[in-house]
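Please read them with the structure open.

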Amino acid sequence: MGEDKLALQKAVAYADAELVSLLLLHLRARRAPAELFELLRPHALAQRLLVRYCLARDRELLKAFFYHADRPADAAALALEEGYGSTRWAQRARGISVALHFYEHCGKEGAARVCDSQLRLLEAQRVLEREAAAAEHKAAAQTSASAPASAPASASVSASAPRFRFVDLPLNAT
């Protein structure tokens, strides 16, 4: 298959998704990502199949494709999905922040405002949870200092109101 461009044109002309997918796998192995993306530029079918493949198997290549194809709204949606799917606060905030920048770049002001609000809410939640943890720790220390030696300190902590923690949970678990 020395004629990659001709092979891609013929496969897309036949509108055979399996043939185009097979060719994409071959091209992905033989070419640098930037060359592959340039080759796919005039072929919407091949681009859609590449996106579908990358969603399932190669997110990094998908990020590179969205950047190369100048598709900031798609890149923002991918960053949001990764951010909301993470269990760590820093990763979640980073994903939303990246999405915010992409939405600002493509002029989607409404989506950018939503991302900005979400970042502020995450930070407020983080501050509140830290304050609650500090207050709980202080109360436990005071209780253990004033409790008789026979009563375990953990009994006074477990008798307090339940503590809720949402920052490091996926959003669908909250």
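Which side chains meet in a salt bridge at 3.3 Å, N to O? The pair is Asp116 and Arg120, and point 4 returns to it.

1. Basis of the notes. This is a predicted model, in which local features need pLDDT of at least 70 and side-chain atom pairs count only at pLDDT 80 or more, while totals for chains, interfaces and linings use all residues. Residues are numbered from 1 along each chain as its sequence is written, and side-chain values use heavy atoms, with hydrogens and water left out.

2. Overall make-up. The protein chain has nine helices and zero strands; helices (H or I, at least four residues) and strands (E, at least two) are DSSP runs, numbered from the N terminus. Of its 174 residues, 26% count as buried. Buried means under 20% relative accessible area, exposed over 50%, and partly exposed in between (1.4 Å probe, protein chains only). The chain exposes about 11200 Å², and carbon and sulfur atoms supply 57% of that area. Accessible areas come from the Shrake-Rupley method with a 1.4 Å probe, and for residues only the protein chains shown count as cover. Among contacts with a separation of 6 or more, 51% are between residues 24 or more positions apart, a contact being heavy atoms within 4.5 Å.

3. A search of the whole structure finds two aromatic pairs. Rings of Phe, Tyr and Trp (its six-membered ring) pair if their centres lie within 6.5 Å; planes under 30 degrees apart count as stacked, over 60 as edge-to-face and the rest as tilted. The rings of Phe37 and Phe65 are edge-to-face, because their centres are 5.3 Å apart and their planes stand at 65 degrees. This pair links distant parts of the chain, with Phe37 in helix 3 (residues 33-40) and Phe65 in helix 5 (residues 59-68), 28 residues apart. Both Phe37 and Phe65 are buried. The rings of Phe65 and Phe66 have centres 6.1 Å apart and planes at 45 degrees, so that pair is tilted. Phe66 is buried, as is Phe65.

4. Salt bridges. The count comes to ten salt bridges, each being a side-chain nitrogen of Lys or Arg within 4 Å of a carboxyl oxygen of Asp or Glu. One of them joins Arg28 and Asp58 (3.0 Å, N to O). This bridge links distant parts of the chain: Arg28 is in helix 2, and Asp58 is in the loop between helix 4 (44-57) and helix 5, 30 residues apart. Asp58 is buried, with a relative accessible area of 16%, whereas Arg28 is partly exposed at 33%. Asp116 and Arg120 both lie in helix 8 (residues 109-146), four residues apart, about one turn of the helix. Asp116 is partly exposed because its relative accessibility is 32%; Arg120, at 52%, counts as exposed.

5. Salt-bridge network. Asp4, Arg30, Arg31 and Glu35 are linked in a network of salt bridges. Within this group, the side chains of Arg31 and Glu35 meet at 4.0 Å, N to O. Arg31 is partly exposed, with a relative accessible area of 27%, and Glu35 is partly exposed at 43%.

6. Charge over a ring. The charged end of Arg126 sits over the ring of Trp89, 3.9 Å from its centre. The rule requires NZ of Lys or CZ of Arg within 6 Å of the ring centre and within 35 degrees of the ring normal.

7. Surroundings of Gln47. Leaving aside neighbours within four places in sequence, Gln47 is in contact with Leu40, Arg41, Pro42, Phe65 and Arg71. The C-alpha atoms of Gln47 and Phe65 are separated by 9.1 Å, and the two residues are 18 apart along the chain.

8. Nonpolar surface patch. Tyr14, Leu19 and Leu22 make a nonpolar surface patch of about 350 Å². Patches are made of residues with over 30% relative accessible area and no salt bridge: like charges are joined within 9 Å, nonpolar side chains (Val, Leu, Ile, Met, Phe, Trp, Tyr) within 5 Å. Leu22 lies in helix 2 (residues 17-30) and is exposed, with a relative accessible area of 56%.
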